[in-house]
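Please read these notes with the sequence and the structure side by side. They are meant for someone who has not seen the entry before.

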Amino acid sequence: MGMKAAALAEPEIITKNGKPVSVILPIKKYQEMIERLEDAEDVAWLKRARRKKLHFRPLEEVLADVLQR
């Protein structure tokens, strides 16, 4: 099987004692999967952040805290 054919191949499932234990898949598919997972994590974080009540402090108070450090 050439490199191009291998890149287009379906994922291969590796079994041990008849049970699936690993998957071999083309690197491009792996990278796409990782990107989707990272995007999903970002969306979940944003949804959680939007549920939290926002708290604002006057600028003068923030500056006073920063200058004291």
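1. How many helices and strands does the protein chain have? It has three helices and two strands. Keep in mind that this is a predicted model. Along the sequence, the elements come in the pattern α-β-β-α-α.

2. On burial, the protein chain has 69 residues, of which 3% count as buried. The chain exposes about 7,200 Å².

3. Strand 1 covers residues 12-16 and strand 2 covers residues 19-24. They run antiparallel and are joined by five bridges. As an example of the pairing, Thr-15 has Pro-20 in strand 2 as its bridge partner.

4. Which residue of the hairpin takes a positive phi? Asn-17 does, with a value near 55°. The hairpin is formed by strand 1 and strand 2, with two residues between the strands.

5. The surface carries a patch of negative charge. Its residues are Glu-32, Glu-35, Glu-38, Asp-39, Glu-41 and Asp-42.

6. Glu-38 deserves a separate look. This residue lies in helix 2, which spans residues 27-51, and belongs to the negative patch. Is Glu-38 buried or partly exposed? The relative accessible area of Glu-38 is 42%, so the residue counts as partly exposed.

Note on methods. Residues are numbered from 1 along each chain as its sequence is written. This is a predicted model: local features need pLDDT of at least 70, side-chain atom pairs count only at pLDDT 80 or more; totals for chains, interfaces and linings use all residues. Side-chain values use heavy atoms; hydrogens and water are left out. Helices (H or I, at least four residues) and strands (E, at least two) are DSSP runs, numbered from the N terminus. Buried means under 20% relative accessible area, exposed over 50%, partly exposed in between (1.4 Å probe, protein chains only). Accessible areas come from the Shrake-Rupley method with a 1.4 Å probe; for residues, only the protein chains shown count as cover. Two strands pair if DSSP finds at least two bridges between them. Patches are made of residues with over 30% relative accessible area and no salt bridge: like charges are joined within 9 Å, nonpolar side chains (Val, Leu, Ile, Met, Phe, Trp, Tyr) within 5 Å. A salt bridge is a side-chain nitrogen of Lys or Arg within 4 Å of a carboxyl oxygen of Asp or Glu. Lys and Arg count as positive and Asp and Glu as negative; His and the chain ends are not counted. The place of a charge is taken as NZ of Lys, CZ of Arg, CG of Asp or CD of Glu.
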